[in-house]
Amino acid sequence: MLVRKVAIWLLHDLRLHDHPALQAALADGAEALSFVYVWGPPHLSWGTFSYPAPYPASRRLHPLRERFLIESLLDLSARIRPAALYILQGEPHEVLPRWAAEKGISALYAHTEIAPEEKRYQAAVQKALQAHGIPLKLVEGNALYEEAQLPFPVESLPFLFTRFRQLMERHATVKSPLPSPATLPPWPETEPTGLDFLKAHLQTLPPPPERAFVWQGGETAGLKRLQDYLSGPVFTYKQTRNNFLGENFSSRLSPYLALGCLSPRQVYALLREAEKQHGANESTYWLFFELLWREYFRWLLKKEKGRFFAAGGLRDMHIPWQQDEKLFTAWVEGRTGYPIVDAAMRELKSTAWTSNRARQIVASVFTKNLLMDWRWGASYFETALIDYDTASNWGNWLYQAGVGTDGRGFRWFDPVRQARLYDAEATYIKTWLPELRSLSHTEAYFPTPQVRQRVGYPAPIVEWQPSLQRAKDTWYRALRGEPTGNQLLRLRADED
Ligand SMILES: Cc1cc2nc3c(=O)[nH]c(=O)nc-3n(C[C@H](O)[C@H](O)[C@H](O)COP(=O)(O)OP(=O)(O)OC[C@H]3O[C@@H](n4cnc5c(N)ncnc54)[C@H](O)[C@@H]3O)c2cc1C
């Protein structure tokens with residue numbers, strides 16, 4: 001008797017709960033079910049931007065993210081039994097259709113991707129599958145809201161986050177997450193599925209460094225982290241979320257959300273549950289508020305497509321971004337001479353994570369004071385973050401660079417003031433900059449030239465006031481569409 005074999009193509013949805021593609025496959029009458037993950041592009045390809053040596057065409061997947069991804073896949077392979085997980089290696093549009101045809105798959109299901117590159121891969125796979133008569137059925141997933149729930153067409157998404165938030169809060173309700181299926185149809189074959197490759201590869205990856213918060217990848221660990229966070233720390237989130245050090249000052253759910261080990265609707269549902277049990281407050285609301293930021297950037301990417309990655313951003317501003325290797329390297333290595341920036345960049349390099357406030361500060365200094373091409377910064381983050389997410393990363397970078405959807409004119413972060421406000425005892429600075437440990441906390445915010453010389457800490461790579469003024473002038477000129485420095489230089493060169 002012919003069995004209806006159906007497969008789920010996984011990408012950013014490494015879970016069983018709230019998995020619309022899986023539910024659609026089951027509703028389709030799957031009698032034998034397998035999941036398939038392609039170990040190849042887009043995750044494993046090289047960065048879109050090839051920045052200069054010593055960071056040539058960086059590999060996208062940070063080893064700690066790679067570890068997290070493998071752990072998540074291994075966790076899922078155990079959770080889905082008696083269904084099977086196949087790991088294929090290669091280009092998705094080459095290996096997937098071949099595999100699906102060999103296995104006699106009737107239909108392949110996946111969640112619709114939103115980033116251009118992933119969409120291209122999905123389209124290529126869809127086309128290649130057609131040759132075998134196998135449909136690729138794409139289903140919405142991975143967001144708080146479905147497109148039909150938006151109170152406006154995506155093309156008319158409000159430019160400002162606040163407007164988006166107000167409309168969503170007023171006119172849309174987050175749907176309940178779909179439950180995990182109690183059982184799954186068994187997969188009849190017992191041949192090797194590629195998991196041995198993952199296990200062997202995991203052994204070759206470096207362990208998380210000592211000072212890092214250790215994220216165990218996978219749905220099981222993600223649900224546990226969510227439960228732990230919602231059982232206490234969330235109730236003070238509003239007061240703690242701008243901290244730099246500690247395990248619970250923010251939810252640390254981002255790696256789980258980025259790879260879909262947790263669905264945002266699941267986070268929302270359990271947050272509401274926690275509010276019912278222990279009472280809602282401004283902190284619990286604020287976690288929802290941050291999930292709305294994530295949501296907003298997703299729809300913004302869907303709306304803006306390629307402009308999301310353009311130098312001039314969503315405002316098409318002509319800013320003469322610098323592509324200076326020396327400045328870039330100093331920033332990446334945490335040697336800018338601004339202690340809070342250097343602490344954050346060294347933390348990021350060592351642990352693949354840094355807090356939201358730290359990300360804002362380093363991105364602001366990069367794009368405002370160094371006037372560096374924001375796409376270099378975003379590309380570096382892409383290769384450096386354990387929680388890399390295309391919409392959140394590029395959307396936040398656009399915003400910080402002043403070419404996104406910030407409605408408030410020219411905005412910047414003063415790193416010394418930020419250190420004073422959020423790292424009052426300079427504990428974070430001293431954690432990541434051992435050369436400053438002997439200093440008093442006030443000295444550590446911004447050491448004098450003599451102290452720098454004594455402890456071997458570099459002088460600031462840019463002077464604060466002039467660099468900020470230059471950025472401000474440049475930004476306002478670009479906003480008014482007047483010629484910027486670069487264009488003027490080009491004009492003069494043309495005259496020569
Ligand atoms: C320059 C820059 C780059 C960033 N790149 C990424 C990225 O690649 N991936 C990523 O997940 N987040 C990114 N963020 C957003 C934010 O910094 C992280 O989501 C957050 O620090 C993760 O820690 P958490 O899970 O403890 O967050 P919490 O503060 O506990 O927030 C809960 C969740 O809300 C979402 N969230 C919070 N803040 C934001 C925000 N500003 N934008 C979008 N979603 C948000 C995240 O999913 C987060 O897990 C970036 C921010 C900046 C300024």
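The model is a predicted one, in which local features need pLDDT of at least 70 and side-chain atom pairs count only at pLDDT 80 or more, while totals for chains, interfaces and linings use all residues. Residues are numbered from 1 along each chain as its sequence is written. Helices (H or I, at least four residues) and strands (E, at least two) are DSSP runs, numbered from the N terminus.

The pairing of β1 with β2 is parallel and runs over five bridges; two strands count as paired if DSSP finds at least two bridges between them. In total, five strands form an open sheet with parallel pairing, in the order β3-β2-β1-β4-β5. Its edge strands, each pairing on one side only, are β3 (84–89) and β5 (136–139). From one strand to the next, the twist averages 30 degrees. In a regular strand, side chains alternate between the two faces of the sheet. In β1, Lys5, Ala7 and Trp9 point one way and Val6 and Ile8 the other way. Five of the five residues of β1 are buried, where buried means that 20 or more other C-beta atoms, placed from the backbone, lie within 10 Å of the residue's own, exposed means 12 or fewer, and partly exposed covers the values in between.

Helix α4 (residues 116–130) lies across β4 and β5 and runs at about 150 degrees to β5. For such angles, axes are lines fitted to C-alpha atoms, for helices over the stretch in contact, and the values run from 0 to 180 degrees between N-to-C directions.

Strand β2 (residues 32–39) also holds tyrosine 37. This tyrosine counts as buried because it has 24 C-beta neighbours inside 10 Å. Not counting residues up to four places away in sequence, tyrosine 37 touches Leu10, Leu73, Leu85 and Ile87; contact means that the C-beta atoms of two residues, placed from the backbone, lie within 7 Å. Tyrosine 37 and histidine 441 are 404 residues apart in sequence, and 49 Å separate their C-alpha atoms in space. Another local feature is the cis peptide bond between arginine 81 and proline 82, with omega about 10 degrees. Proline 82 belongs to the loop between α2 (63–79) and β3.

At the level of the whole chain, the domain assignment gives domain 1 (5–142), domain 2 (143–174 + 216–304) and domain 3 (313–489). These bounds come from an automatic or database domain assignment. The C-alpha centres of domain 1 and domain 3 lie 35 Å apart.

The ligand lies between domain 2 and domain 3, because both give residues to the shell around it. Of the 29 residues around the ligand, Ser250, Ser251, Ser254, Asn393 and Asn396 come nearest; a residue is near a molecule if its C-beta atom, placed from the backbone, lies within 6 Å of it. At least two shell residues come from each of α9 (254–258), α11 (282–304), α14 (356–369) and α16 (390–401). Helix α11 gives the most, with six residues. By type, the shell divides into twelve nonpolar, ten polar and seven charged residues. In this grouping, Ala, Val, Leu, Ile, Met, Phe, Trp, Tyr, Cys and Pro count as nonpolar, Asp, Glu, Lys and Arg as charged, and the others, Gly among them, as polar.

Valine 234, in the loop between α7 (219–230) and α8, counts as buried because 25 C-beta neighbours lie inside 10 Å. Leaving aside neighbours within four places in sequence, valine 234 is in contact with Tyr229, Ser251, Ala274, Ser283, Thr284 and Leu287. Its C-alpha atom is separated by 7.7 Å from that of serine 250, 16 residues apart along the chain. Arginine 252, in the loop between α8 (237–240) and α9, has a positive phi of about 55 degrees although it is not a glycine. With 19 C-beta neighbours inside 10 Å, arginine 252 counts as partly exposed. Aspartate 316, found in the loop between α11 and α12 (325–333), likewise has a positive phi, of about 50 degrees, without being a glycine. Aspartate 316 counts as exposed, with 12 C-beta neighbours inside 10 Å.
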